[in-house]
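Please read it beside the sequence and the structure shown here.

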Amino acid sequence: MSPTAPSFELLPGAADSPVILHVPHSAREIPADVRADILLDNPALERELDHITDSHTARIAAEAVRACALAPWRYVNRLSRLVVDPERFPDEREEMLAVGMGAVYTRTTHRDELRATGHDPEPLVDRYFRPYARAMTEAVADRLAATGRAVVIDLHSYPTAPLPYELHGTGPRPPVCLGTDAFHTSPSLLAAAREAFAGCGEVGVDSPFIGTYVPLEFYGKEPAVGALMVELRRDTYMAEPGGPATGPDVARIAEALAALVAAVTD
């Protein structure tokens, strides 16, 4: 990826679809100049990418889109979250700063040093985080203008066993975790997700991860923006920590995601 190429991609769906499938953590790519500031050697970096990447979630989203009668839009991060994590708050509001994992990580999943003490996050925030946030804000605004509402479905995965960086890793770890927000996740959206993923195993809520992604311009302000996080336990569809996916399991999850999109669109 060239220095001027976008670090994200908005893939258009149907003009009258309100749904944006957001895939923020599926990539492993790190630009060379960003890699230069990461302290891990190459084997250690590959291991960290295995643990931190939501592997195959971009594929699941793509297969879900193909199964939808009314295609949702997709917003996909093309760079690793080790460059910037677009879902963090870029300031002191971010609780993950406590473990060195704010918008720009300084620690690994195992709490080892990732970047040098005193590393200035602002250049990466300015180069990658803010353009990503602006483009996502515009995408949501476009769906609002076109359809009168927007629904952001955030797709993630998580390991079977908690990693040391997790602040809330002691709770249940069901095959599917639905993360919610009191303002942006309606009871009907949550019920639709429970029904859609019922065939994928136990469906839990807000454990081990809680919350949704909504651009800050709309967060807590615009009730026409709905949001839900879908977290998939990795052992249900892939070899952990960063191995291949199993085709039938990916297809089953993609069909469930497509069913959720259909329910939200109707």
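## Helix packing, pockets and backbone

The axes of α5 and α6 cross at roughly 150° and come within 8 Å of each other, where axes are lines fitted to C-alpha atoms, for helices over the stretch in contact, and angles run from 0 to 180 degrees between N-to-C directions. The two helices, α5 and α6, are therefore roughly antiparallel, given that angles over 145 degrees count as roughly antiparallel, those under 35 as roughly parallel, those of 65 to 115 as roughly perpendicular and the rest as oblique. From α5, the residues Leu189, Ala192, Ala193 and Ala196 make the contact with Ala256, Ala259, Leu260, Ala263 and Val264 of α6, contact meaning heavy atoms within 4.5 Å. These contact residues of α5 and α6 divide into nine nonpolar, no polar and no charged; Ala, Val, Leu, Ile, Met, Phe, Trp, Tyr, Cys and Pro count as nonpolar, Asp, Glu, Lys and Arg as charged, and the others, Gly among them, as polar.

The model is predicted, with local features requiring pLDDT of at least 70 and side-chain atom pairs counted only at pLDDT 80 or more, whereas totals for chains, interfaces and linings use all residues. Residues are numbered from 1 along each chain as its sequence is written, and side-chain values use heavy atoms, with hydrogens and water left out. Helices (H or I, at least four residues) and strands (E, at least two) are DSSP runs numbered from the N terminus.

Helix α6 also packs against α3 (residues 57-66), the axes coming within 8 Å and crossing at roughly 55°. That angle makes α3 oblique to α6. On the α3 side the contact involves Arg59, Ile60, Ala61, Glu63 and Ala64, which meet Gly247, Val250, Ala251, Ile253, Ala254, Leu257 and Ala258 in α6. The residues of this contact between α3 and α6 divide into nine nonpolar, one polar and two charged.

Grid points are joined across faces, edges and corners, and a volume is the space filled by probe spheres set on the points.

| Space | Volume |
|---|---|
| Largest pocket | About 1,000 Å³ |
| Second largest pocket | About 190 Å³ |
| Largest cavity | About 30 Å³ |

Of the 44 residues that line the largest pocket, Glu87, Arg88, Glu94, Ile210 and Thr212 lie nearest its centre, and the lining divides into 21 nonpolar, eight polar and 15 charged. The second largest pocket has a lining of 15 residues, with Arg149, Val151, Ser186, Ser188 and Leu189 nearest its centre. Helix α5 gives the most to this second lining, with three residues, and the lining of the second largest pocket comprises ten nonpolar, four polar and one charged. The largest cavity is lined by Ser7, Asn77, Leu79, Val83, Val84, Tyr128 and Tyr132.

In the backbone, a cis peptide bond joins Ser207 and Pro208, with omega about 10°, and Pro208 is found in the loop between β6 (203-205) and β7. The peptide bond from Glu240 to Pro241 is likewise cis, with omega near 5°; Pro241 is placed in the loop between β7 and α6. Arg111, although not a glycine, has a positive phi of about 65°.

Note on methods: On a 1 Å grid over the protein atoms alone, a cavity is a set of points where a 1.4 Å probe fits but cannot get out, and a pocket is an open set with protein on both sides within 12 Å along at least five of seven lines; lining residues have an atom within 4 Å of a point.
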